[in-house]
Amino acid sequence: MRVVGSVEINRPADQVWAYVADYGNDTSWRAGVRQMHPSLPGPARVGVTTHEALRLLGLTFRTDASIDRVEAGRLLTWHAHDRQKQLRGSRLVEPTGPGTCRFTEVVEVRLLGLLRPLEPLVARLLQRQATADLRRLKHLLETPPLSRSTPEETAT
């Protein structure tokens, strides 16, 4: 099964890339991700591994993935394989105009063994979750941080 999600974000491509290429940020925009631990902090690099705990269908799926390819500022690809599943995916950031870009995330999932019959259901749930996650990412990156007032400003 292949899950593809894409969203236009009103931020420069380099800023969006900096955020989505840092797996340490995943828990802030991917709702089902309970834990994400990259082996090295900061932007994705070939050879970096991630340990993810994803909650879906009331179950926690743990995945250890490796980053295969990085085209800095644009694309990363990854893969994972264990007894329950085979996964491949990518994250792509493409400029679409001044100060805007398109972020596309692709995940290919193949469930193995006893989980195989659940694949159509998992595909629907992952697609729904990806759509919501991309809306959350767009909102997060397009919304300015709350400004904090200084005591002098509140006194006037």
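**Entry 1: burial**

I began with a term: a residue counts as buried when its relative accessible area is under 20%, as exposed when that area is over 50%, and as partly exposed in between. I noted also that I am working with a predicted model.

I then looked up Arg-30. Its relative accessibility is 13%, so I record Arg-30 as buried. I looked up Glu-52 next and found a relative accessible area of 11%, so Glu-52 is buried too.

**Entry 2: the pair Arg-30 and Glu-52**

Which residue forms a salt bridge with Arg-30? I found that Glu-52 does, and that the closest N and O atoms are 2.8 Å apart. I asked where the two partners lie in the chain. Glu-52 belongs to strand β3 (residues 49–56), while Arg-30 sits in the loop between α2 (26–29) and β2 (33–38). The pair is 22 residues apart and links distant parts of the chain.

**Entry 3: salt bridges of Glu-71**

I counted the salt bridges in the structure and recorded 13. I then examined Glu-71. Arg-69 forms a salt bridge with Glu-71, with 2.2 Å between the closest N and O atoms. The side chain of Arg-74 also meets that of Glu-71 in a salt bridge, at 3.2 Å from N to O.

Are these residues buried, partly exposed or exposed? Arg-69 has a relative accessible area of 41%, so I list Arg-69 as partly exposed. Glu-71, at 27%, is partly exposed, and Arg-74, at 37%, is partly exposed as well.

I turned to strand β6, which covers residues 85–97. How many bridges pair β6 with β5? I found 7 between β6 and strand β5 (residues 75–81), in the antiparallel sense. β5 and β6 form a hairpin with 3 residues between them.

I next considered strand β7 (residues 100–111), which runs antiparallel to β6 and is joined to β6 by 12 bridges. Ser-90 stands opposite Val-106 in β7. β6 and β7 form a hairpin with 2 residues between them. In that turn I noted Gly-99, which has a positive phi of about 75°.

Technical notes. Residues are numbered from 1 along each chain as its sequence is written. This is a predicted model: local features need pLDDT of at least 70, side-chain atom pairs count only at pLDDT 80 or more; totals for chains, interfaces and linings use all residues. Side-chain values use heavy atoms; hydrogens and water are left out. Two strands pair if DSSP finds at least two bridges between them. Helices (H or I, at least four residues) and strands (E, at least two) are DSSP runs, numbered from the N terminus. A salt bridge is a side-chain nitrogen of Lys or Arg within 4 Å of a carboxyl oxygen of Asp or Glu. Buried means under 20% relative accessible area, exposed over 50%, partly exposed in between (1.4 Å probe, protein chains only).
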